[in-house]
Every structure is written in C-alpha cells, then in structure tokens.
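Here is a short note to keep beside you on a first visit to this structure. Take the points in order, with the view open.

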4 protein chains.
Amino acid sequence: MSQVQVDKWNMILDAAYELFGANGFYETKMSDIAERAGIAKGTLYLYFSSKEQLFTAMTKRDFEQFLERLTDGLQQSESLKDRLSVVASHHLGYFYERRDYTKLFFMMPNNDPEMLQEIQSFIMQYIRILATMLEGDGFREAKLLAKSFVGILDMMKMDILFDPSFQEEDVSQRVVFATDLFMNGCMHQK
Amino acid sequence: MSQVQVDKWNMILDAAYELFGANGFYETKMSDIAERAGIAKGTLYLYFSSKEQLFTAMTKRDFEQFLERLTDGLQQSESLKDRLSVVASHHLGYFYERRDYTKLFFMMPNNDPEMLQEIQSFIMQYIRILATMLEGDGFREAKLLAKSFVGILDMMKMDILFDPSFQEEDVSQRVVFATDLFMNGCMHQK
Amino acid sequence: MSQVQVDKWNMILDAAYELFGANGFYETKMSDIAERAGIAKGTLYLYFSSKEQLFTAMTKRDFEQFLERLTDGLQQSESLKDRLSVVASHHLGYFYERRDYTKLFFMMPNNDPEMLQEIQSFIMQYIRILATMLEGDGFREAKLLAKSFVGILDMMKMDILFDPSFQEEDVSQRVVFATDLFMNGCMHQK
Amino acid sequence: MSQVQVDKWNMILDAAYELFGANGFYETKMSDIAERAGIAKGTLYLYFSSKEQLFTAMTKRDFEQFLERLTDGLQQSESLKDRLSVVASHHLGYFYERRDYTKLFFMMPNNDPEMLQEIQSFIMQYIRILATMLEGDGFREAKLLAKSFVGILDMMKMDILFDPSFQEEDVSQRVVFATDLFMNGCMHQK
DNA sequence: AATGAATGAGAATTCATTCAT
DNA sequence: TATGAATGAATTCTCATTCAT
C-alpha cells in the first residue's frame, strides 16, 4: 500500500469510528461512511471486503492503540501502585475521551466470528499485561486479580458514559478509589 | 388481562428469550418468534407494539426476576460476608445458567431509549441494594464499593460465557475469590 | 392455494411472460413485473422465491401448455401426414403467436440448473411424442427422425421471429414444405 | 494496427471466448477477461469500446472462421452428397469441439442490435452458401431446403452439448443420418 | 500505449408491520 | 381475539467504465 492508500485507509477507519460509535453497527450505512470519508461507495470495497470486516478492522486499530499506549504509559512508572494508577487512568481516560461514542461499547455485529476473535484476543492481551505485572510483584492468582481490577474499572465506564454530570476531575477520583480498593484487597493475596 | 392472555404473554416472552438469546436482536425475526410461540405473526402485535418493545419487555421480566431472587436470597443471610457470597453466587450463577444465550449480553437494539432506560434502572436498583447493605455495615462510599463489586463479578462472566472448559464448580471458586478480594479491599474503607 | 391465490399466481406469470419476453431475463426488473401484475414487490416473493425461480415457473407453464395442446391436436388426426402437419402447424404457430416475445427464445438465466433441467425435460417429452408416433408407423431410428423434424421446424422460427414481412399465410406454406420434405426423406428409412 | 496490437487483439478475443463460453455473457467480468489476457482492465477499452462490443467482435471472428473453413472444405468435394457431408461434418464438428463452451450458444447480450445483426448476417451467409450449392444442382426452393438442412444439424447440437455420453464417433453417424435423410427428402423437390 | 484506483448507478431481497377477514 | 397475505421501505455490494498518471 502506498502512503496515499494508507492515508485513505485511515480516513475510512476514522469515518467508520465516528459513525459506528455514534449510531451503532446496524444503524450505520456504508454510504454514510463513504460520504464522511469523502470517497465513493465503491471505493470502500477496495479497502474492506464487507461492512463487518470494516467494523472489525476499525475495532482492531482501536484495540491496538489502546494496548500500545498502555504499554508506553507503564514504562515510566516503577511501584505497583503507580502502575495500577496508570492502568486505571488509561482505562477510564479512554472511555472519557470516547463518551460520545457509547454505541461502540454496546453494539457490534452479531455473528461475525472474526470480530469475536478480535475481542477475546484483546481482553487476553490486556489481562496478560496486568497479570505479568502482578506476578512480578509476587502475587498468587495474578490472572484472576487482573480480571478483577479490569472489572472494577469497566463498571465505572457506565457512569462515565451515561452520567451527564460526570466531569473530567471525577476520573481522577475514581482512579484513586479503584487503585486503593484493589491494592488493599490484594495485600492479603500474597 | 385474563389468565389465558397472561399465559400467552409469557409464552411469547419465553420464545423471544430463546431466540434473541441464541441469535441476537437483529438476527431474530418476528415470524420466528411467532412460530416458536405457536401463534400467528399478527397476534404478536396484539401483545407488543414493536420488536423493540418486545425485546424490552423480555429484558425487563428477566431483570425483575434477577432482583427478586437476589432479595430473597439475601433475606436468609446475616453477616456481610455471607451476603456478599449470596450476591456473587447469584450473579455468576445467573450467567452460568444462561451461558447458551450469550447474544443477550452483547446484542441489543441500538437506538431504543426505553431499552437504555431499562438497563440503567436495573443497574441502579442492583447497586442500591448492595450499597444499602454496605452502608448498614458502616462503609463510606458505599455506592462506589457496590459498583466495584459488581464490576469484579461482571468481568468474570466473560470466562463463564466464552471459556468452554468452565465448569459449575469453577463458579464457587470465583465466588470465594471475589468475595475475599472485595472484603479485604473494603476493610480499609470504613 | 385458494382460487384467489391461483389467479394471482397466473397473473404474475402473465406479467413475467410479457416482460421477460420483450426484454429478456437480465433486462427485466422484479419491480417491473410486480407493477405490471398490479401487486407489491414483496408479494412476488410470497409466490416465487427468486427471479430465477419465477422465470423457470413461467417457462414450465408455457412448455406444459405447448405439449398439452399438441397432444390435443394430434388426437383428431389419423394419417401420419396429417399428424406431421399438426405438429408443424402447432410448432410454427406457437412462434408466430409469440413473435413479439423474441427474447424468450434467446435469453434465459445462465447458471440455473433447474431451468436447464426444465428445458431438457421439455425437449425429451416433445421428441418422445413424435418418436412414438413414427415408431407406430414402422420407422427405424424414430428418435433421430423426430429430432430432425423438430430441427427443421425450429430453424424456421428464425424467419418468423426476425423477418418483419413474414405473414400468417407464410406459416401454412412452411408447414406444407416441412412436412413434405420430411415425409419424402423418411420413406427410405422404413 | 501493428502486429503487436493485432496479437494483443487476438489474445483478448481468445480470453473472452473461453470465459464467455464457459460462464456466459452476464456472468463474465471484464476484469476476468483482462486478467486472463494478461493485460490491465483499462487496456481492454483501448481495443473494444464496451463489453457488448467485445462479445460481438469475438462472435464475429468465430463466425468468419466458421464460414471460411466451410468454404475451404467444400472446395475439395464434387458431388452434392459429398458436399452435404462436408457441411454436416463441419457443423457438428464445430459444436463437438466447443462442447465445453455451451454458454456461448444460449447466452448472449440481450439488447445489443449489433449482435443481433451479426447473427442474422451469419445465418444469411451460411444459408446462401448452401442454397447456391443446391440451386446449382437444380433444386427449387433452395433457400428453404438449406434452412431445413441447417435446422436438422442444429437440433443435433443439443445431444452433442448436453449428452455426456456423446462420443466423437457418434458425430459421423449423425452426419450420415442427416445427409441421407435430407438427400432423400430433396429428391422429390427437383 | 498501458495502467488500475476510483467511481456510482443499479437491483434483488428481506422483514417489520398492517388490516381485511 | 386471531390470522396471515400483502406491503414497500430500505441497504449492501457489484462491476462496467473512466481518467490521471
């Protein structure tokens, strides 16, 4: 792919992100995406073979970015507590930034095995990063602990996405809360 | 509604539950539901005004049952730990029983405000029950704690729904794990 | 099927006949057929599962009528020559009546096995009727003779369909010509 | 056109022949033809202005070859019977060689006047060759006789194309059969 | 002359919903 | 109250053709 093509590829994914995110998979038309990306309908199909595949590609790009940034963020912190804060901050920040794209997290194409595969792979990688971190600090049942922490964070997305009075500063409070709760809970797990 | 009508109403909801659960909202046809319920397509519309409304009604019935049983279960236990175990057991058991209806938890109609309203209302009630419980035991930030506990439990549904090797006895282990982790974490919150 | 439904079924086939006949399979839209039949597009699909199936059904009805009328016509004649005249007359008359539906005989859906099956079955039946007739009169190689006669007649359809100056009285001349030629040719085949 | 261009022109026609023949006009894509011919899609349009025109050109080349070879074959034979055998042999041999390209004879673009014109012109020339031959031998109604002979032969293509058990030696039998039948039939026409 | 990326018109089919019986 | 035949809006994807390079 030439640079021009890579750019176009990304423009399509950007357009798809906004429309799928705002309206959901089934409520978004391919023609809308094409229009928003500034290209013809047919061109979409030069880059993605179907609507499902476009959605999956879009999600994959987002997942990869999420994990990349997480890994970057973790490099700068040393203590477990700091690292957990980074994770929490990154997780909640992610949803805060995307609070206008709620549909992304509740609607996805139904029977697409590639999409399911992508989601499962993402969760596995995410959990593995955390679990490795916890194991390094001597915790038993690191994987279950990792899932629990992610669970705590993920439940908080509900407020972020649906509570209109939720402010940016509330994010930091939640970060502290989740990290403390989890750290305390963990201590007995060693 | 006469008893006959109530029965028919429930039969439709049963049929809808199985089909929506197995195939998702968009992949389920009203005609399939009618057939499974043993009635004519048109009759569906005597009981529910639209596909969305049928889905919402079905979900609502399920939510209500969930909360009802939870409340019943909590009546028999005294200590906080016992009660948390009941909650965890109920939450994870619910998903274990429904592990063949995965689509229910990932596919729902997109732009239906009544459905969103129903979900939010359910979560609120669920959280309130837990929060009240925790407040009664003297915890600060009871609502956030409640959400965290639910978050931990809800993340575990991923394994239950998607890990084919997940057994019934694994459920109890998770119950213990989640309760312990949370209890320990909470202790410092008083 | 109720009488109303049978009538509607036939009306659709009539509409399909005219449009497919005038414009060909690929150039005819389902919506046009629906409009001509005075029903909604969706209704078409209550009677026929696809465009191909509609075309095949239409052809089948026509084939059956062709053979039925042929059999009827043959009942009234005794001598071989009379019978051959009836066949020729029926064959050429058929095309003369349909000279505005040329597309029917040159365009058909491509890869539809059911359609091919239908055509082959029709030819086989047509040939068998003639062959049986010839065998009854003591001819050897009756099947090949039958095919030859049909071949002679069928080549004449070209003039009927494409020569604008072809008149109804020309049909009778051709009938006489084809029958004589064939009879004379046959005589040595006994 | 330079020699290189003529070669390319023929290569395109070869590719078109195989694909149209195997799959039919509507089921063959221009891009497939380009790929098979080893050139780019756009290049096709430097040689042929449209898909229809490409099909027509391909058919025309085939028709011309057919008539050329027929004329060549007729030069070597003297008696009427020999000549008719040559015609029959050529006609049936043509279809036998092309028995894998059935679609060519049943699928063609529908509404292209140039194509229709080409077919009619071919038939006219074919018939004229035969008719001239028959007139030279003193037959009346030579044109109708010619058409009849072609009709007999053309009906036999059905078996050649669709009967999988049809062998090369069956071709010769048919040649003899058709020629005899026709000769006998003709005798009374003088 | 050759390329192939881009275009966009075009049509079959599905299915929620209605309403006459 | 129950039926199911009829409706028609709505959308994906294909592919012949163009044109900037």
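1. Start with residues 6-66 of chain A: this stretch is 80% helix and 0% strand, and its end C-alpha atoms are 20 Å apart. Helices (H or I, at least four residues) and strands (E, at least two) are DSSP runs, numbered from the N terminus. UniProt, in an unreviewed entry, gives residues 6-66 of chain A the feature "domain: HTH tetR-type"; such annotations may be inferred rather than shown by experiment.

2. A word on the basis. This is a predicted model, where local features need pLDDT of at least 70, side-chain atom pairs count only at pLDDT 80 or more, and totals for chains, interfaces and linings use all residues. Residues are numbered from 1 along each chain as its sequence is written, chains are lettered from A and ligands numbered from 1 in the order written, and side-chain values use heavy atoms, without hydrogens and water.

3. Now look at DNA strand E, which 31 residues surround (a residue is near if one of its heavy atoms lies within 4 Å). The closest are K8(A), K41(A), T43(A), K8(D) and T43(D).

4. Phosphate oxygens of DNA strand E lie 3.0 Å from a backbone N or O atom of A40(A) and 3.1 Å from a side-chain N or O atom of Y47(A).

5. Finally, 37 residues of chain C are in contact with 37 residues of chain D (heavy atoms within 4.5 Å).

Methods:
A polar contact is a pair of N or O atoms within 3.5 Å; within protein, one must be able to donate a hydrogen and the other to accept it, and residues adjacent in sequence count only if both atoms are side-chain atoms.
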